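Me: Could you take me through how the chains of this model touch one another, with the cut-offs stated as you go?

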Amino acid sequence: MAEHIVTKKQYSFVFGALLLLTFVTTAVGMMDLGRLNVVVALVIAVIKAMLVVLFFMHIYWSTKLTRVVVVSGLAWLALLLWLTLTDVLSRGWLGFPGK
Amino acid sequence: MANHSLALRHQFDDVEQQKDASTLGMWLFLATEVLFFGGMFCCYTVYRSAYPAAFGQASNHLNLILGAVSTAILIISSFTMACAVNSAATGAKNALVAFLSLTILFAAAFLVIEMSEWRMLYQEGLMPGFNFTYKEIDPAHVQLFFCMYFSMTGLHASHVTIGIVILTVMAIRAWRGAFSPAYYTPIEISGLYWHFVDLVWIFLFPLYYLIARHLQG
Amino acid sequence: MITATVETKDSYLTHEYGVRSWLLTQDHKRIALLYLAAISFFFFLGGIFATVIRLELLTPPGDLVSSQTYNKLFTLHGVIMVFLFLIPSIPATLGNFLVPLMIGAKDLAFPKLNLLSWYVLMAGGVCVLYAMLEGGVDTGWTFYVPFSTSYANTYVILTGVGIFITGFSSILTGLNFIVTIHRMRAPGLTWFRLPLFIWSIYATSIIQVLGTPVIAVTMLLVAVERGFHLGIFDPALGGDPVLFQHLFWFYSHPAVYIMVLPGMGIISEIVSVYSRKKVFGYHFVAFSSVAIAVLGFLVWGHHMFVASQSVYASLIFSFLSFFVAVPSAIKVFNWTATLYKGSISYETPMLYAFGFIGLFTIGGLTGTFLAALGFDVHVTDTYFVVAHFHYIMVGGTLMAYLGGLHYWWPKMTGRMYPEGWAKLSALVVFLGFNLTFFPQFIMGYLGMPRRYHAYPEEFQVYHVLSTAGASVLAVGYLIPAVYFIWSLRYGKIAPANPWNASGLEWQTTSPPPPENFDVTPVVTREAYDYSILEEMKVG
């Protein structure tokens, strides 16, 4: 496995981007975009997260197995959320009393 | 150079395999942490989708400036941690200790801000279980918001605290010369843990602090 | 090449003496034995609770114990059997012992973490025992809210903390196995040359790593709600008790696959050896293990069909639950095909394997009955469900575990168990098991509810049969406990490969030396290659 050393300069670009995105998300949070507010907030959070995972945590240079582990963790969380929400959001759809 | 710091364990064939295994092990642990916090994110998602108005109301009682500053502080601490890993990889011992110390400092600052936020909420009567006196719009669901808020930020704060302990141990070991460009795996995997702690907050901040700020006067 | 004499060589058992050398060991083989001792204790403790339960159920009125005591009995039986026995059992004992040996490694990737995970299990066990001695908990092992958070007056938090702690033991074990299997296989040991036991442990470890954190956070939330009077699941605050069930079952359903998958791995090994044939459809069995691990996470809502989960979601979960039966069935077909035209011998492990195949099939089939919404509404929370899961857990996992213990006992201890007594116990277990649990299918279908200690007269005959069966079953479990211990001193000395099996663990002495192999083996053949053993046999 290649021993890749990331320089402080490279890190500082990522750092700058993260601070900028924090500023943006706070500013956008003050605006009224209706349903889009949460979408924008989450998209920015995901971008920030990807910057941290890819560059601070070195996934950009990591083995395929490590990436599978990262994706699996997130996929399983998505599974938990998705199927739980399937229940919670669909209560009352099929007209059975109490369900 | 001190060869003892290579510390090749008997079950491994070479240092490369050992480092690879340690990194994979830490990533697997972080995957478990994703699910651990994830259970609470699931509760949050269910309740916010059920009571969006109450959650929006409640969110505006949180201090936006402190929240944003906390976020920035954790991002800075992630940056100093990354620089610490870089210093370890390039054999810059003093820089390594310095960056680790800075990370610990910012982590402590985060906790100080967090605790003062908690104190303010307690004094405003918004801490369920201890002092909850909110009686305006939809108090039950606002209380639910704060139950989730304190549970999640509390769990996160406990992880920050554990991180401070880990990094302190790393800083002491680094100062004693335990690490070199040939062996700095503990710094790397401590870094992974620390970045994860930052990641959780990257999501907590918008989800708790930025729900309906446009409504705030 | 394969030496028969053992006593002269330094084995992991004789390498060091003294309590400290055991309690501070980093040798995966010794840690496996530490686990064996611990879980055997918990098994018999859980069995004591089962005994009292079955005694109470001999007569229709609830006359042996009070209702609350009865609630505590079945709760503690469940908590101890699930979290302190079944979940750790095969992975932490046989898995810990065999994984490095089967892949030709000197130890697991993280030996210190391995020892830590045993101490963590003990810490969790101590919490649960302390709660038990202080008065126990009566919520059912499922801890449903709001009873457990708001109304129960028993030691919920302490037991919850105990479960939280044992969960970490499970996570650390799984993590250790995943890294070890990925990174420490011997030269030439590609994924598709691995023994199927390793595949099943690998699949189990995936579940342990991805599922257990969710039960951990769930128990944490229950403890926090109960301790700090927060209201996360409190309906008065808009909290949703069904949300608790989603979080609880997200882990607890895959947990049953943590329990059964390693058992299936053992059966693959045993069926192959005692029919002198490689496992039919190796790739199918390997992929099925992983498929079970993944699909097992998609079906948890089938525990909540009558819990006011939306009908739409129930339909989805029902549909997915039928799917998860497919890979299990594939395995049963492949084992059967392995037996076909095999040269079958009826050693004790094989008897347990036959028992497993039959009983797991019944248990699994009744699972598909329960997956059907209409049927489930009728039999949910009755003894039908109790019978279903005991067929899988006891008729399945426990039988496989016993089979595995017998199969690898010579390797672990250097001694043979007494074959006559062992065969007798296997038969006694099989008969006792069926007498205990088959009547439960019938009475459950007829309406006998679970968790009730007082019941209508019409069910008494089934309960009497069941209790009679339980007493036979108990004997079946006690006999091996005695002769295994007896064999440590008086058992016949075991050769390195008493079963003439393939697999790297049989290429080293019985018991193995501390470093497992004198020379790191190089693998050039597929798994279960019996032809090479014929070539290698020394006289």
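This is a predicted model: local features need pLDDT of at least 70, side-chain atom pairs count only at pLDDT 80 or more; totals for chains, interfaces and linings use all residues.

Me: Which element gives the most to the side of chain A that touches chain B?

Reply: Two residues are in contact if their C-beta atoms, placed from the backbone, lie within 7 Å, and the contact takes 38 residues from chain A and 35 residues from chain B. Helices are DSSP runs (H or I, at least four residues), numbered from the N terminus, and those giving two or more residues to this side of chain A are α1 (8-29), α2 (36-56) and α3 (64-89). With 15 residues, the most is given by α3(A).

Me: Which element supplies the largest share of the side of chain C that touches chain A?

Reply: Here 14 residues of chain C are in contact with 16 residues of chain A. At least two residues each come from α7 (196-228), α8 (241-273) and α10 (311-339) of chain C. The largest share, 4 residues, comes from α10(C).

Me: How far apart do the C-alpha centres of domain 1 and domain 2 of chain A lie?

Reply: Domain bounds come from an automatic or database domain assignment, which for chain A gives domain 1 (1-57) and domain 2 (63-91). Between the C-alpha centres of these two domains of chain A, the distance is 21 Å.

Conventions. Residues are numbered from 1 along each chain as its sequence is written. Chains are lettered from A and ligands numbered from 1 in the order in which they are written.
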